[in-house]
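Work through the exercises below with the structure at hand. Each task is followed by a solution in steps.

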Amino acid sequence: MKSFACGDVVPGCGRSFTAADESGILAQVAGHAAAEHGLTDVPPALVEQVRARIVPA
């Protein structure tokens, strides 16, 4: 399992995500980014920031 805390990239956000792999985390983060942060198009640089902060759960 892998996990990611949105607050590591977006200060003040308390959401965290857990999935079996990086792809699952990225899918959850994309939905969250659109719903909670208004980002309908996640830039590649932000994807790389997320990837760099995915850790074992």
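**Exercise 1.** What volume does the largest cavity have?

*Solution.* The model is a predicted one. Step one: a search of the whole structure finds one cavity of 30 Å³ or more. Step two: the volume of the largest cavity is about 90 Å³.

**Exercise 2.** Which helices each supply at least two residues of the lining of the largest cavity, and which element gives the most?

*Solution.* Step one: list the lining, which includes Val29, His32, Ala33, His37, Leu46 and Val50. Step two: helix H1 (22-37) and helix H2 (44-52) each supply at least two lining residues. Step three: H1 gives the most, with four residues. Step four: sorted by class, the lining has 10 nonpolar, two polar and no charged residues.

**Exercise 3.** Is His32 buried or exposed?

*Solution.* Step one: locate His32 in helix H1. Step two: its relative accessibility is 5%, and buried means under 20%, so His32 counts as buried. Step three: leaving out residues up to four places away in sequence, His32 touches Cys6, Cys13, Arg15, Phe17 and His37.

**Exercise 4.** Where around the axis of H1 do its buried residues lie?

*Solution.* Step one: the buried residues of H1 are Ile25, Leu26, Val29, His32 and Ala33. Step two: they cover an arc of only 130° around the axis, and therefore lie on the same side of H1. Step three: Ser23, Ala27 and Ala35, on the other side of H1, are exposed. Step four: the buried residues of H1 pack against strand S1 (2-5), strand S2 (16-19) and H2.

Technical notes: Residues are numbered from 1 along each chain as its sequence is written. This is a predicted model: local features need pLDDT of at least 70, side-chain atom pairs count only at pLDDT 80 or more; totals for chains, interfaces and linings use all residues. Side-chain values use heavy atoms; hydrogens and water are left out. On a 1 Å grid over the protein atoms alone, a cavity is a set of points where a 1.4 Å probe fits but cannot get out, and a pocket is an open set with protein on both sides within 12 Å along at least five of seven lines; lining residues have an atom within 4 Å of a point. Grid points are joined across faces, edges and corners, and a volume is the space filled by probe spheres set on the points. Ala, Val, Leu, Ile, Met, Phe, Trp, Tyr, Cys and Pro count as nonpolar, Asp, Glu, Lys and Arg as charged, and the others, Gly among them, as polar. Buried means under 20% relative accessible area, exposed over 50%, partly exposed in between (1.4 Å probe, protein chains only). Contact means heavy atoms within 4.5 Å. The arc is that of the directions from the helix axis to the C-beta atoms.
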